[in-house]
Amino acid sequence: MSFIQSAQTAVKQTERAVEDIVRQLHKEPALILFFSSTIHSFELLTQLFQLKYPSAQIVGVTTTGEIGPDGFSEASLTAQSYGKGFGRLQAVLMDDISKYPIFYRADLIQAAKSIGIQLTKKPAKKDGLAIVFPVGLKAGEEKMLSVVNSIFAYDGFSIFGGTAGDDAKFEATTVSVNGRMTTTGCAVVFMNPSMDFFIKKENIFQGTGKKMKITKADAEKRIVYEIDGKPATKVYANLIAVAERDLTKHWARYPLGRQFNHDFLIASPFQVREAGAIEFYCQVYEGAVIEVLEPKNPLLEMQKTITEFTNTFSELYGVLGCNCILRKLQFQQENVVQSLNKELKALPNLCGFSSYGEQLNKSQLNQTMLLLGFGKLRAE
């Protein structure tokens, strides 16, 4: 039985692209996930997939680069279908995550309960998971994660996701659930699979020992005004030894991180604001001590990640991936995309996209890659 199938097409004409995708997926799936470049009309894609799969649940996301069976791509359409033997699934749309995400709490509770997810007991590894695809540019991911996590009586429920993109235009991002589209909300898919799953986070950065303290910030707006009591851009530029006017050219290679359990939670800068302030892709808190990071060899890290990830399974049926836009840009600048794609081809039925942020359990992350695999785990 084929539980998961993935497809990718570079066809630019939208109707033909959907036909190409449909030929490669399940005939009668329980769930379709599709990820699209802005070269396609997202509204038309949403309509076409609804017509092709009237009995399936369908979730769509705009991207800033796609991931398919052959790895990273641009200006394409990718999709993943989940067969009816995969398990129980329920998608729900949160229509506004920056202002009123709490309004959708009851919908989340109903969706989770409808597929047998227990909300009042301590979660175990096989007790299901949630996939989240929030829109970008609204600074609502942390609020959304807070609401999704709030429906569970205990910590530990697995949440995996990525923020929608718009091919680095930074104008508007869109997600859809069962024909309903939103530029302010989030698609949530609760899964109670009939198989094991495992999530792997890849970090390709390491600490430099150069630390700083955030002394003035607005976490909700994701803006850092001062570091060590001085304008943020000035201190940041000094620590990575570049001119302040050139900071934006270099900060993707030298993001900031907070060490957590022998790893780093990365905060990536988004844009310079007035008076030397910096807006980030995630919340950065006043009083936090953070460290300048530097890159490792991305190819070696990818080889290590895929080896560790695949060795976790005795059988691996399919993989969903979210890769940060800044990693994608780094890979392109270093001309390693083809080499990385050779490694990614080892992952069966791979699908996903490059994102404006990544979500793991309770955290909004930056400059990471998340892989979610379904199959049979090796006995511990």
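This is a predicted model: local features need pLDDT of at least 70, side-chain atom pairs count only at pLDDT 80 or more; totals for chains, interfaces and linings use all residues.
Salt bridges are another story: the structure holds 16 of them.

**Cysteines**

- A disulfide is a covalent bond between the sulfur atoms of two cysteines.

- Side chains of opposite charge can pair when their charged atoms come close.
- E28 and K84 form a salt bridge, with 3.9 Å between the closest N and O atoms. This pair links distant parts of the chain, 56 residues apart: E28 sits in the loop between α1 (14-22) and β2 (31-36), and K84 in the loop between β6 (77-82) and β7.
- Both ends of that pair count as exposed: E28 has a relative accessibility of 56%, and K84 has one of 55%.
- D155 and K362 meet through their side chains in a salt bridge of 2.8 Å, N to O.
- D155 counts as exposed because its relative accessibility is 60%, whereas K362 is partly exposed, with a relative accessible area of 49%.
- E141, E142 and R222 are linked in a network of salt bridges.

**K200 and its partner E308**

- E308 forms a salt bridge with K200, and their closest N and O atoms are 2.9 Å apart. Because E308 lies in helix α7 (residues 298-311) and K200 in strand β13 (residues 196-202), the pair ties together parts that are 108 residues apart in sequence.
- The side chains of K200 and E308 also make a polar contact, at 2.9 Å.
- E308 counts as partly exposed, since its relative accessibility is 39%.
- Which residues does K200 touch, not counting those up to four places away in sequence? They are T305, E308, F309, M369, L370 and L371.

**S6, a buried serine**

- S6 lies in strand β1 (residues 4-9), and it counts as buried because its relative accessibility is 10%.
- The side chain of S6 makes a polar contact with the side chain of Q80 at 3.3 Å.
- The S6 side chain also reaches the backbone oxygen of N349, at 2.6 Å.
- Where does the rest of the surroundings of S6 come from? Leaving aside neighbours within four places in sequence, S6 is in contact with Q24, L25, P69, A79, Q80, N349, L350 and C351. Q80 and N349, the partners named above, are among them.

**V22, at helix α1**

- V22 lies in helix α1, and it is buried, with a relative accessible area of 17%. Buried here means under 20% relative accessible area, so V22 falls within that class.
- V22 is in contact with K52 and Y53 once its neighbours within four places in sequence are left aside.
- The C-alpha atoms of V22 and F49 are separated by 8.7 Å, although these residues are 27 residues apart along the chain.

- Y100, I102 and F103 make a nonpolar surface patch of about 350 Å².
- Y100 is found in the loop between β7 (87-94) and α3 (105-114).
- Y100 counts as partly exposed because its relative accessibility is 43%.

Terms used: Residues are numbered from 1 along each chain as its sequence is written. Side-chain values use heavy atoms; hydrogens and water are left out. Helices (H or I, at least four residues) and strands (E, at least two) are DSSP runs, numbered from the N terminus. Buried means under 20% relative accessible area, exposed over 50%, partly exposed in between (1.4 Å probe, protein chains only). A polar contact is a pair of N or O atoms within 3.5 Å; within protein, one must be able to donate a hydrogen and the other to accept it, and residues adjacent in sequence count only if both atoms are side-chain atoms. Contact means heavy atoms within 4.5 Å. Patches are made of residues with over 30% relative accessible area and no salt bridge: like charges are joined within 9 Å, nonpolar side chains (Val, Leu, Ile, Met, Phe, Trp, Tyr) within 5 Å. Accessible areas come from the Shrake-Rupley method with a 1.4 Å probe; for residues, only the protein chains shown count as cover. A salt bridge is a side-chain nitrogen of Lys or Arg within 4 Å of a carboxyl oxygen of Asp or Glu.
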